[in-house]
Amino acid sequence: MATLGQTPSQTIGPFFNFALPFDSGPSVVPDGTLGAIRLAGRVTDGAGEPVPDALIETWQADAAGRFGISAGFGGYGRCPTGEDGEFHFLTVKPGSVAGRAPHIDVIVFARGLLLNLVTRMYFPDEEAANAADPVLMAVDPERRSTLIAHKDGDTLRFDIRLQGEHETVFFDA
Amino acid sequence: MPNSAHPPLDWPDYKSNRLRHPSRPLVPLPTGMDDLTAPVLGEDRVGAFDADLTRQHDGEPIGERIIVTGRVVDGAGRPIRNQLIEIWQANSCGRYIQKNDQHPAPLDPNFTGFGRCLTDDDGGYRFVTIKPGAYPWRNHHNAWRPAHIHFSLFGTAFTHRLITQMYFPGDPLFPLDPIFNSILDPKARERLISKFDLDTTVPEWALGYRFDIVLGGADQTPLED
Ligand SMILES: [Fe+2]
């Protein structure tokens with residue numbers, strides 16, 4: 001069976017902010033949801049400078065490990081970075097899917113990126129599951145920590161370093 | 001890279017790419033570890049005039065009215081149904097409504113430049129808009145972007161998420177644009193150029209352009225419906 005040539009990617013550019021962000025984008029779950037967690041992070045470039053024109057999107061299973069089917073839970077988030085390169089989401093911790101470690105799929109778009117970057121955020125309180133996760137195991141052990149969020153008070157932080165020392169692991173998906 | 005249609009990560013001709021591209025190779029996801037689902041962003045996100053960018057204000061925008069239509073399919077040619085498409089663009093003078101656009105060209109009070117629609121059962125979509133102008137972007141001396149419309153698309157897997165740009169046939173700026181030329185395969189580059197289409201063109205009203213979109217790799221194993 002023939003396959004068709006893929007449409008190539010181009011940069012999101014600098015002028016998406018009037019169009020793509022929407023008010024409820026960072027709220028994967030509504031305020032006040034039982035068990036809601038706050039995620040935050042900063043996107044930085046190869047010089048360690050914040051990236052103020054990135055768009056972060058997330059996709060995840062619900063607390064029971066199901067994708068996109070539970071009422072009132074879409075599982076999708078969208079947040080542009082601010083002047084300080086920061087993004088944030090309100091969500092719930094996903095359940096395990098097919099025995100794998102709970103994780104959130106993350107896509108990064110930015111001015112300067114010709115192709116979106118795909119990564120994953122894992123949870124710091126899932127040491128045993130993380131140690132057995134086939135995706136984390138495919139990553140150089142020295143770089144695995146770039147994929148695991150860390151606790152900062154009430155917030156889980158997941159910083160995204162596009163280039164350089166401690167560069168975040170990105171996947172070919 | 002299995003998806004050779006896409007630009008490389010590292011493309012120094014595009015200045016702001018230099019400090020932003022990963023320097024390490026992408027890590028292949030182990031087979032079967034893809035989350036093969038995608039958000040379904042349905043009708044609650046699309047308003048009545050979202051697909052007609054010429055009717056979002058009291059008056060009509062200045063510029064050349066056009067129709068942009070096509071189909072969104074996967075690598076096996078199957079339609080991507082009821083999925084969200086978002087587009088955004090400059091006005092006919094090459095100016096975006098966004099505050100950080102410094103190009104000294106006029107804003108048009110009757111044009112926002114943002115559109116949305118859902119694909120139909122055949123993967124089809126249709127926007128009415130005005131043809132965007134070229135604009136300068138300071139990447140290098142006398143740098144101008146060819147006229148383009150930005151497209152944002154969702155497929156059947158989140159990793160098929162695509163943001164791209166649609167161009168217009170015959171643009172003299174093509175050979176000079178490092179963003180367009182970051183796509184190394186000339187055949188893949190051609191896929192971003194819409195085609196003038198007389199069947200889409202409406203007499204005495206607007207020219208029509210076709211832009212078909214294929215999401216997901218040609219490296220995927222095709223499945224029978
Ligand atoms: Fe643009």
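At 23% relative accessibility, B:R116 is classed as partly exposed. In this predicted model, B:R116 makes a salt bridge to B:D50, with 3.1 Å between the closest N and O atoms.

- B:D50 counts as buried, at 15% relative accessibility.

**Salt bridges within chain A**
- Over all chains, the whole structure holds 18 salt bridges.
- A:K93 forms a salt bridge with A:D125 at 3.1 Å, N to O.
- A:D125 lies in the loop between strand 6 and helix 1 (127-132) of chain A, while A:K93 lies in the loop between strand 4 (86-92) and strand 5, 32 residues apart.
- A:D125 is exposed, at 55% relative accessible area, whereas A:K93 is partly exposed, at 25%.
- A:K93 also forms a salt bridge with A:E126, the closest N and O atoms being 2.6 Å apart.
- Because A:E126 is in the loop between strand 6 and helix 1 and A:K93 in the loop between strand 4 and strand 5, this pair ties together parts 33 residues apart in sequence.

**A:R157 and its surroundings**
- A:R157 belongs to strand 8 (residues 155-157) of chain A and counts as buried, with 15% relative accessibility.
- The side chains of A:R157 and A:E86 are joined by a polar contact of 3.0 Å.
- Leaving aside residues up to four places away in sequence, A:R157 touches several residues, among them A:A40, A:G41, A:H150 and A:D152.

**Interface between chain A and chain B**
- Contact involves 61 residues of chain A and 78 residues of chain B.
- The buried area between the two chains is about 6,200 Å², and carbon and sulfur atoms give 61% of that area.
- A:Q6, A:Q10 and A:F15 supply 14% of the area that chain A buries against chain B, more than any other three residues.
- Three salt bridges are counted between the chains; B:R20 forms a salt bridge with A:D53, with closest N and O atoms 2.8 Å apart.
- There are 32 residue pairs in polar contact between chain A and chain B, both residues at pLDDT 80 or more.
- On the side of chain A that touches chain B, strand 5 of chain A gives the most, with five residues.
- That side of chain A divides into 35 nonpolar, 15 polar and 11 charged residues.
- Strand 10 of chain A pairs in the parallel sense with strand 1 (residues 27-28) of chain B over two bridges, and B:P28 is the bridge partner of A:D172.

Note on methods
Residues numbered from 1 in each chain as written. Chains lettered and ligands numbered in written order. Predicted model: local features only at pLDDT ≥ 70, side-chain atom pairs only at ≥ 80, totals over all residues. Heavy atoms only, no water. Contact = heavy atoms within 4.5 Å. Buried area = accessible area lost by both parts, 1.4 Å probe. Salt bridge = Lys/Arg side-chain N within 4 Å of Asp/Glu carboxyl O. Polar contact = N/O pair within 3.5 Å; in protein donor to acceptor, adjacent residues only side chain to side chain. Helix = DSSP H or I, 4+ residues; strand = E, 2+ residues; numbered from the N terminus. Nonpolar A, V, L, I, M, F, W, Y, C, P; charged D, E, K, R; others polar. Pairing = 2+ DSSP bridges. Buried < 20%, exposed > 50% of the residue type's maximum accessible area, 1.4 Å probe, protein only.
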